[in-house]
Amino acid sequence: MATAAKTLNFVAGDYVVYPKHGVGKVVEVQSSEIAGTALELYVLRFEKERMTLRVPTNKAEGVGMRKLSSQATLLEAMTTLKGKAKIKRTMWSRRAQEYEAKINSGDLVSIAEVVRDLHRAEDQPEQSYSERQIYEAAIGRLARELAAMENIDEPAAVVKIELVLKAA
């Protein structure tokens, strides 16, 4: 039985982005037999959440798993951070859902939009608890991908992002 060419091909050691969980590392590609069917799985490790996830290789693309963003996408995300916050005049619960959807999309530029929109400078009013939670989730996602791309640690990536936000 011929299988279609896989467009996504990851090997152990690759950093990948899984939309719902952010940046993970492919620990291994293993073969398992589940219910009598041979299955090839990517074993992903998410250090921050201390979580291991097994994704069938044939489902990786369908769930939105991808390589780390390109330099061009990273540049676009950083440019997005410098933009003016766009805050809709809708109820917070609706906006919160939109922000969560953007974070879980795994799209770096969408995540940067959330960071930009929820960022508060020192002279601005305090964020509500739920705003702060969403902001922390978004900046964490952005920082982990930036850290993996530039081979720095997450706190250094957060500092880099905050410098861009302060300069804006």
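**Entry 1: the largest cavity**

I looked up which elements supply the lining of the largest cavity in this predicted model. I found that β2 (22-34) and α4 (129-150) each contribute at least two lining residues. I then listed the lining itself: V17, P19, G22, V23, R66, I103, G106, I111, R141 and E145. By class, I recorded five nonpolar, two polar and three charged residues in this lining. I noted a volume of about 50 Å³ for the largest cavity. I searched the whole structure for cavities of 30 Å³ or more, and the search returned one.

**Entry 2: S69**

Is S69 buried or exposed? I count S69 as buried because its relative accessibility is 12%, under the 20% limit. I checked the polar partners of its side chain. The side chains of S69 and R66 are joined by a polar contact of 3.2 Å, and the side chain of E145 makes another with that of S69 at 2.8 Å. I note that R66 and E145 are also among the residues lining the largest cavity. Setting aside residues up to four places away in sequence, I listed L108, E145 and M149 as the residues that S69 touches.

**Entry 3: nonpolar cores**

I looked up the largest nonpolar core and found 28 residues in it. I recorded M78, L81, V114, V115, I134, L142 and I161 as the members with the most contacts inside this core. I traced the core to its elements: α1, α2 (92-105), α3 (108-118), α4 and α5 (154-167) each supply at least two residues. Which helix gives the largest share of this core? I found that α4 does, with nine residues.

I followed V115 in particular. Beyond residues up to four places away in sequence, V115 touches L81, Y135, A138, I139, L142, I161 and L165. I also noted a second, separate core of 12 residues, including Y18, Y42, F46 and L53.

**Entry 4: helix α3**

I asked how many residues of α3 are buried. The buried residues of α3 are L108, V109, S110, I111, A112, V114, V115, R116, D117 and L118. I looked up what they pack against and found β5, α1, α2, α4 and α5. I note that L108 is also one of the residues touched by S69, and that I111 is one of the residues lining the largest cavity.

**Entry 5: E131**

I located E131 in helix α4. I count E131 as buried because its relative accessibility is 10%. I found a polar atom of the E131 side chain 3.0 Å from the backbone nitrogen of S128. Leaving out neighbours within four places in sequence, I recorded contacts of E131 with W92, L118 and R120.

**Entry 6: the protein as a whole**

The secondary structure comes to five helices and five strands, and I read the order along the sequence as β-β-β-β-β-α-α-α-α-α. The C-alpha trace spans about 60 × 35 × 30 Å along its principal axes. Of the 168 residues, I recorded 38% as buried. Among contacts with a separation of 6 or more, I noted that 52% join residues 24 or more positions apart.

Definitions and conventions. Residues are numbered from 1 along each chain as its sequence is written. This is a predicted model: local features need pLDDT of at least 70, side-chain atom pairs count only at pLDDT 80 or more; totals for chains, interfaces and linings use all residues. Side-chain values use heavy atoms; hydrogens and water are left out. On a 1 Å grid over the protein atoms alone, a cavity is a set of points where a 1.4 Å probe fits but cannot get out, and a pocket is an open set with protein on both sides within 12 Å along at least five of seven lines; lining residues have an atom within 4 Å of a point. Grid points are joined across faces, edges and corners, and a volume is the space filled by probe spheres set on the points. Helices (H or I, at least four residues) and strands (E, at least two) are DSSP runs, numbered from the N terminus. Ala, Val, Leu, Ile, Met, Phe, Trp, Tyr, Cys and Pro count as nonpolar, Asp, Glu, Lys and Arg as charged, and the others, Gly among them, as polar. Buried means under 20% relative accessible area, exposed over 50%, partly exposed in between (1.4 Å probe, protein chains only). A polar contact is a pair of N or O atoms within 3.5 Å; within protein, one must be able to donate a hydrogen and the other to accept it, and residues adjacent in sequence count only if both atoms are side-chain atoms. Contact means heavy atoms within 4.5 Å. A nonpolar core is a set of buried Ala, Val, Leu, Ile, Met, Phe, Trp, Tyr and Cys residues joined through side-chain atoms within 4.5 Å.
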